[in-house]
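Me: I would like a close look at a single part of this protein, taken slowly and with its surroundings kept in view. Please treat it as one connected account.

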Protein chains: 2
Amino acid sequence: MEEKKAVALQETKNKSLKNRKFRELWNRPGYLIRRLHQIHLGLFAEECKDEDVTPVQFGMLSVLASGVEMDQLTLSMSVGVDRVSGADVIKRLERRGLLHRNRSEVDKRARVICITPKGAEFVENVRPKMARAQAKLVAPLTEEELAELERILKKLVEANNDASRAPLGVN
Amino acid sequence: MEEKKAVALQETKNKSLKNRKFRELWNRPGYLIRRLHQIHLGLFAEECKDEDVTPVQFGMLSVLASGVEMDQLTLSMSVGVDRVSGADVIKRLERRGLLHRNRSEVDKRARVICITPKGAEFVENVRPKMARAQAKLVAPLTEEELAELERILKKLVEANNDASRAPLGVN
DNA sequence: TCTTTTTAGGAAGTATGCTACGTTATTTTT
DNA sequence: AAAAATAACGTAGCATACTTCCTAAAAAGA
């Protein structure tokens with residue numbers, strides 16, 4: 001009983017501690033992550049302004065660039081967006097002639113997505129620009145900090161994967 | 001001349017190293033950050049499903065909750081979104097009666113935003129849920145890892161602030 | 001004072017990223 | 001084989017988050 005009380009008290013303490021800690025926007029991890037996401041979008045857009053492409057669009061194309069074919073859902077999941085968002089992105093990429101959406105012979109519900117030669121060329125063209133955006137994003141860090149950041153981010157994404165609305169590896 | 005050549009060679013090496021490093025989605029910091037951002041949105045939505053509020057909406061309200069008044073631009077910048085996105089969010093919050101948009105007497109262009117009693121109550125109601133979402137997001141980390149993550153994120157956001165499309169402290 | 005520039009906001013357009021609902025096709029269960 | 005569950009996709013709707021172009025007001029400079 002005594003122990004239980006002590007635990008409850010400790011939990012209350014932790015809770016109010018966290019409430020205090022997260023009181024300012026600047027101390028909320030979620031806020032910092034949102035800001036960094038915005039910054040990456042900005043850097044990516046700047047590097048790729050001639051190509052007019054977004055990180056998600058490039059992500060999809062670079063998955064397809066190895067020559068694999070897959071349905072819309074698999075493709076969406078492999079870049080970590082939900083089915084509907086993915087379908088939108090795919091539609092826009094099709095409109096630009098960077099990929100094909102073929103009806104599957106095996107499964108009449110599915111659309112099989114494959115990259116076009118134009119799309120493959122596009123990927124190789126954009127890849128160095130994407131890499132520059134990534135490099136700029138983490139440029140302020142030392143090598144040790146970058147390694148630590150990547151380790152922690154991967155840990156968080158792996159551990160919380162099911163909390164996302166577009167969890168990976170579900171299908 | 002020899003030195004210049006060496007430097008150029010080194011740069012080429014670094015570049016191809018980075019190209020190789022960022023080849024897989026999973027090793028792109030921008031990708032990991034986007035995923036973690038999604039995860040936070042998911043956790044926040046889960047905690048606040050009864051209230052139907054987003055992190056940005058809550059961010060705005062919690063800035064206003066101290067009783068300050070400000071124009072739309074200042075408010076938008078203080079939570080790190082651009083003018084237009086901010087105006088949209090403010091419109092929705094006004095529709096729900098959580099804040100007022102009054103024409104400024106001093107500057108006839110500006111709208112002065114202030115929180116309503118209902119809005120203030122809302123903030124206090126939601127604050128613990130927001131804190132729980134933050135806590136869940138970083139729950140997989142040790143205290144040392146959390147401290148390191150926050151330090152690195154702040155460093156990145158500060159250093160890259162101007163790269164964002166909604167830089168802070170500009171106005 | 002008058003002109004120029006800057007600033008606050010509105011409106012329209014686009015992309016990402018969801019939820020919810022419906023349709024059709026496939027798979028599983030009975 | 002028929003019924004039920006599941007799965008892939010489509011459509012509609014909403015929120016965030018930008019861009020660009022516009023108007024009107026304020027500030028700065030000549």
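Is the crossing of α3(A) and α4(A) right-handed or left-handed?

Reply: The crossing of these two helices, α3(A) and α4(A), is right-handed, and since this is a predicted model, what follows describes computed geometry. To place the pair first, chain A holds 7 helices and 3 strands, and from the N terminus on its elements follow the order α-α-α-β-α-α-β-β-α-α. Of the 171 residues in chain A, 48% are buried, while the accessible surface of the chain comes to about 9300 Å², with 52% of that belonging to carbon and sulfur atoms. Among the contacts in chain A with a separation of 6 or more, 53% are made by residues 24 or more positions apart.

Turning to the part itself, helix α3 of chain A covers residues 55-64 and helix α4 of chain A covers residues 72-79, and their axes come within 9 Å of each other, crossing at roughly 115°. Because angles of 65 to 115 degrees count as roughly perpendicular, α3(A) is described as roughly perpendicular to α4(A).

As for the residues that meet there, α3(A) contributes A:Gly59, A:Met60, A:Val63 and A:Leu64, and across from them α4(A) contributes A:Leu75, A:Ser76, A:Ser78 and A:Val79. Sorted by class, this contact of α3(A) with α4(A) has 5 nonpolar and 3 polar residues, and no charged ones.

Key:
Residues are numbered from 1 along each chain as its sequence is written. Chains are lettered from A and ligands numbered from 1 in the order in which they are written. This is a predicted model: local features need pLDDT of at least 70, side-chain atom pairs count only at pLDDT 80 or more; totals for chains, interfaces and linings use all residues. Side-chain values use heavy atoms; hydrogens and water are left out. Helices (H or I, at least four residues) and strands (E, at least two) are DSSP runs, numbered from the N terminus. Buried means under 20% relative accessible area, exposed over 50%, partly exposed in between (1.4 Å probe, protein chains only). Contact means heavy atoms within 4.5 Å. Accessible areas come from the Shrake-Rupley method with a 1.4 Å probe; for residues, only the protein chains shown count as cover. Axes are lines fitted to C-alpha atoms, for helices over the stretch in contact, and angles run from 0 to 180 degrees between N-to-C directions. Angles under 35 degrees count as roughly parallel, over 145 as roughly antiparallel, 65 to 115 as roughly perpendicular and the rest as oblique. A crossing is left-handed if the near helix is turned anticlockwise from the far one by less than a right angle, and right-handed if clockwise. Ala, Val, Leu, Ile, Met, Phe, Trp, Tyr, Cys and Pro count as nonpolar, Asp, Glu, Lys and Arg as charged, and the others, Gly among them, as polar.
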